[in-house]
2 protein chains.
Amino acid sequence: MPKPEKHVFVCTQNRPQGHPRGSCAASGCSDVINEFMNEIQNRNLFEKIALTNTGCMGPCMMGPSVLVYPEGVMYGKVNKEDVKTIIDEHLLGGTPVAALQVPAEVW
Amino acid sequence: MPKPEKHVFVCTQNRPQGHPRGSCAASGCSDVINEFMNEIQNRNLFEKIALTNTGCMGPCMMGPSVLVYPEGVMYGKVNKEDVKTIIDEHLLGGTPVAALQVPAEVW
C-alpha cells in the first residue's frame, strides 16, 4: 500500500487466563480489530488507513489498546462501539477522541 | 511508558515454508527485533524508543520490515547489522537512512 494517512495499531497480545498483567486479548481486542477491519472495508478506506495487529504496547491493564500514528495517540479500554467514533472523529475528522485516550502518565 | 520519541515496529509475521508471499519471519526478523531489543537495553533507551512486534505490514517480499513512527519511514530487507545504523542515524540522529528505505511505490 502507499504510505497511509493514519496507521492504526491494535494490540492483540494474549496471556494465559489469570495472568496478573491481563491482556488485550482477554479484554476483547478481537472484536475491536474486526470492527476496524469491517469499517475500513465497508467504507473503502484502504488507501487512507492502515491497520496492523501488534504484540504488547505497554498499558495492559487498560486494554484493549489502540494506538494511532502519526499523532501517537493511545486509546485504552476500547470497545467495538468506540471504533466508529475513532474513525469518524479522529481518522477522518482529524480530532483525537479525548474521552478514550489513556491518561498522560500512562502514555 | 511515557509517549516515546520514536516508535519502532518490527514485523514478525510468519507463514508456512514455501508460501508464495514469503514472510518477515522467513527472512530473519527475529535477529532484527532481538538486536533492537539488545541495543535499547545496552544503551538504556527505554524512555526514548518504544519497540513493538507486529503482524503483516504489507511489503512481505521486502522483509524484514521495520517501520518507524512518527515519521512513517518504512525500511526493507533489514538485517541485524543495519540495526545500529538505524538507531545511530535515525532514532538518535534524526535522519532516516535513505539506503534502507523501501521504494516510494511500496510505501
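Begin by selecting A:Asp88, which is partly exposed at a relative accessible area of 40% (buried means under 20% relative accessible area, exposed over 50%, and partly exposed in between, with a 1.4 Å probe and protein chains only). The model on screen is predicted, so that local features need pLDDT of at least 70 and side-chain atom pairs count only at pLDDT 80 or more, while totals for chains, interfaces and linings use all residues. Residues are numbered from 1 along each chain as its sequence is written, chains are lettered from A and ligands numbered from 1 in the order in which they are written, and side-chain values use heavy atoms, with hydrogens and water left out.

A:Arg43 is partly exposed, with a relative accessible area of 29%.

Staying in chain A, move to A:Arg15, found in the loop between β1 (6-11) and α1 (29-42). A:Arg15 is buried, with a relative accessible area of 15%, and it touches A:Arg21, A:Gly22, A:Ser23, A:Cys56 and A:Cys60, leaving aside residues up to four places away in sequence (contact means heavy atoms within 4.5 Å). Display the backbone oxygen of A:Gly22, which lies 2.8 Å from a polar atom of the side chain of A:Arg15.

Now go to chain B and select B:Lys84 and B:Glu35, whose side chains meet in a salt bridge (3.2 Å, N to O). The two residues connect distant parts of the chain, B:Lys84 sitting in helix α2 (residues 80-92) of chain B and B:Glu35 in helix α1 (residues 29-42) of chain B, 49 residues apart. B:Lys84 is partly exposed at 39%, whereas B:Glu35 is buried at 10%.

For the interface, show both chains together: chain B and chain A bury about 1500 Å² between them, 61% of it on carbon and sulfur atoms (buried area is the accessible area, with a 1.4 Å probe, that two parts lose on being put together, summed over both). Select B:Lys3, B:Tyr69 and B:Trp107, which supply 35% of the area that chain B buries against chain A, more than any other three residues. The contact takes 19 residues from each of chain B and chain A, and the count of salt bridges between them is 0. The elements giving two or more residues to the side of chain B that touches chain A are β1 (6-11), β2 (49-54) and β3 (66-69) of chain B; β2(B) gives the most, with 3 residues.

Finally, superpose the copies: chain B can be laid on chain A with an RMSD of 0.0 Å by a turn of 180 degrees and a shift of 0.0 Å along the axis, which is the relation of a two-fold axis (least squares on the C-alpha atoms of residues with pLDDT of at least 70 in both). The copies meet through the same surface, because 100% of the interface residues of chain B are also interface residues in chain A.

Technical notes
Salt bridge = Lys/Arg side-chain N within 4 Å of Asp/Glu carboxyl O. Helix = DSSP H or I, 4+ residues; strand = E, 2+ residues; numbered from the N terminus. Polar contact = N/O pair within 3.5 Å; in protein donor to acceptor, adjacent residues only side chain to side chain.
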